[in-house]
Amino acid sequence: MKGLIWKDLVLVWKTYKTYVILTLVFLIAGNFSDNGFIALYPAWVVGLIVMNLINMDERSGWNVYSAALPLSRAQLVSAKYLVMLVLSLGTALLYLLIQGGWALWQGSDLDAFLLHLPMILTVMLLWPAIMLPCVLKLGYSRGSTAYILVAGVLFGVLMGGVSLLDFVTDGGTASFPRLALLYAMPLATAVLFGLSWLLSVRIYRKKEF
Amino acid sequence: MSLAIEIRGLEKHYKDFDLKLDLELPEGCILGLVGENGAGKTTAIKCLLGLVRPEAGQIRVLGREAVSAREDVGLVLEPTAFPESMNARQIGKILSGVYRSWDAAAYASLLERLRVPGEKPLKDLSRGNRMKLSICSALSHHARLLVLDEPTSGLDPVVRDEVVNLLLDFTRDEEHSVLISSHIVSDLEKLCDYIAFLKDGRLMLCEEKDRLLEEYRLVQCAPEELARIDPALIKGRRETDYGVSALVPEAAVPAGMHSAPVDIEELFVLMASGTKKEGGER
C-alpha cells in the first residue's frame with residue numbers, strides 16, 4: 001500500500017504545487033483579514049485535490065490496473081483516505097503554525113484562532129467524507145454532480161457553525177465548556193469520516209471495471 | 001500437465017452481451033485470444049483478473065484462486081495505466097511498494113535494453129515506449145504468467161517485433177506462460193502455441209496453432225461446387241464476384257477439389273465472417 005500513497009503524494013507535489021503555494025498565501029493572508037472564506041479556502045482545496053487524484057486515476061486507467069494488482073480493494077480505498085488525512089493534517093499544521101503562531105506573536109487574537117480552528121477541521125473532513133463514497137461508486141464525472149448536494153450540506157453546516165460560534169462566544173470571549181461544544185463538530189466529522197471510509201470500502205469491493 | 005489458466009463454465013451477462021467460456025492454458029505456453037471487437041476478449045481478461053464478477057464458473061490461475069495468484073501475474077492492460085506526469089523511474093518506485101518480489105535491478109536493466117528513458121514523463125514518450133515500459137513493469141517482479149490485452153496495437157512494426165521477441169524470451173522458461181489478446185493476427189502467428197477464437201461471447205475453437213493450420217484448408221471454387229461439402233463442416237466462407245473462399249477441415253475436402261493451406265489471418269477473417277452468404281443469411 002505504501003506504493004499507492006507514495007504515488008498520490010508525488011502526484012500532488014507534481015500537479016498541485018500551485019495549490020500548495022496558494023494555500024500558504026491564503027493562510028498568511030488570513031492573518032490580515034477577518035474574511036472567513038480566506039481561512040476556509042485551504043481546507044476546501046485539500047478535498048478538491050483528492051477528488052482530482054481520483055479523476056487522474058480514471059483518465060490514465062490506473063483505477064482499472066490497480067484493481068488487478070496484488071492489493072485488496074480495501075487497501076486501494078484506504079490509501080485515498082490516508083492521503084486525504086495526510087494532506088488535511090499537513091494543512092492543519094500549517095494553519096497552526098502560520099495563524100496560531102501569528103496570533104501568539106500578536107498576543108491578542110488567539111480566541112479568534114481557537115474559534116476558527118474547529119470550523120476549518122470540520123470543512124476539511126466533512127466534504128471529502130461525503131464526496132469520496134460518491135466518486136468511488138459513480139466515477140469522478142458522475143460522482144462530482146454530488147458536489148451540489150455536498151455544497152448545500154456544507155452551507156447548512158457552516159450556517160449552523162456560525163450560530164454555534166455566536167452561542168459559544170455570546171458576543172464576548174469563549175468560555176471553556178462552550179468552546180468544547182464547538183470542538184465537538186470536528187470530532188463528529190471525524191466519526192463521519194471513519195464511517196465514510198467503511199462505506200467506501202464496501203462500495204469499492206463490489207465495483208466492476 | 002499443469003495449467004497456468006483454467007476457466008470452467010464462466011458466465012458473464014451484460015444487458016446486450018453474454019460471455020460463456022471454458023478455456024485452458026497449459027503452463028509454459030502462449031495462448032492468443034483472437035476475436036472481433038466486442039467478441040468478449042477484454043471481458044474474459046477482466047473476469048480472469050477479478051475486475052468484473054462472473055455470474056457463474058470457476059477461474060484458477062497457476063493452480064490457485066485467481067486473486068491469490070496476483071503476485072505472480074504480470075499485467076499489460078493499457079499502453080500505460082500510470083499517470084501522465086510520472087516517469088519510468090517513479091513508476092518503478094510505485095510498483096516496488098506493491099509487489100513483494102519487485103526486482104529493481106531487473107527493471108532498470110529492461111528499461112536500458114529496450115531504450116526506455118527513465119526520467120522522461122509518460123506524456124512525452126511515444127506509444128511504443130509506453131508499451132515497452134508497461135511490459136518492463138510486468139516483467140520485473142518474477143511473474144510466471146503474463147496477461148496482455150492488445151499489447152501490439154498501434155505500434156510500428158519495429159517495436160512490435162521487439163515486443164514479440166521479449167515475450168518469446170519470457171517463455172524460454174518452461175514455467176512461464178502468456179495470455180495475449182490481439183487483433184494483429186500476424187503477431188500471434190509468430191508468438192502463440194495455442195489460438196483461442198472468440199465470437200459473440202462464445203469460444204469457437206481453441207487449439208494448438210500448428211494443428212489448426214494442418215487441420216484446416218482454404219477451398220476456393222464456384223458456389224455450386226461448394227455444395228459438394230456438408231454445410232455443417234464449413235467453418236467460414238466469403239463470396240466474391242470470382243467465386244467463394246471457404247474454410248473447411250482437411251478431411252472434409254472432396255477428392256479432386258482444389259484447396260490450399262490457410263494462415264491464421266485468413267482463418268480468423270473467415271471464422272469471423274462465419275457462414276454468411278451475400279444478403280446476410282446465416
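In the predicted model, helix α1 (residues 2-15) of chain A and helix α5 (residues 73-106) of chain A have axes that come within 9 Å and cross at roughly 45°. Axes are lines fitted to C-alpha atoms, for helices over the stretch in contact, and angles run from 0 to 180 degrees between N-to-C directions. The angle makes α1(A) oblique to α5(A); angles under 35 degrees count as roughly parallel, over 145 as roughly antiparallel, 65 to 115 as roughly perpendicular and the rest as oblique. The crossing of these two helices is right-handed, the term for a near helix turned clockwise from the far one by less than a right angle, anticlockwise being left-handed. On α1(A) the contact is formed by A:L4, A:I5, A:D8, A:L9 and A:V12, and on α5(A) by A:L76, A:A79, A:L82, A:V83 and A:L87. Contact requires C-beta atoms, placed from the backbone, to lie within 7 Å. Nine of the contact residues are nonpolar, none is polar and one is charged (nonpolar: Ala, Val, Leu, Ile, Met, Phe, Trp, Tyr, Cys and Pro; charged: Asp, Glu, Lys and Arg; polar: the others, Gly among them).

Chain B contains nine helices and 14 strands, where helices (H or I, at least four residues) and strands (E, at least two) are DSSP runs numbered from the N terminus. The C-alpha trace of chain B spans about 65 × 40 × 35 Å along its principal axes. Of the 282 residues in chain B, 43% are buried, that is, have 20 or more other C-beta atoms within 10 Å of their own. Among contacts in chain B between residues at least 6 apart in sequence, 69% link residues at least 24 apart.

Between the chains, 24 residues of chain B are in contact with 21 residues of chain A. On the chain B side, α1 (41-49) and α2 (88-96) are the elements that give two or more residues, and α2(B) gives the most, with five. This side of chain B comprises 12 nonpolar, five polar and seven charged residues.

Helix α1(A) also packs on α2(B), at an angle of about 145° and with the axes 7 Å apart. The crossing of α1(A) and α2(B) is right-handed. Here A:G3, A:W6, A:K7 and A:V10 meet B:Q90, B:K93, B:I94, B:L95 and B:S96; four of the contact residues are nonpolar, three polar and two charged.

Residues are numbered from 1 along each chain as its sequence is written, and chains are lettered from A and ligands numbered from 1 in the order in which they are written. In this predicted model, local features need pLDDT of at least 70 and side-chain atom pairs count only at pLDDT 80 or more, while totals for chains, interfaces and linings use all residues.

Definitions and conventions: Contact = placed C-beta atoms within 7 Å. Buried ≥ 20, exposed ≤ 12 C-beta atoms within 10 Å, placed from the backbone.
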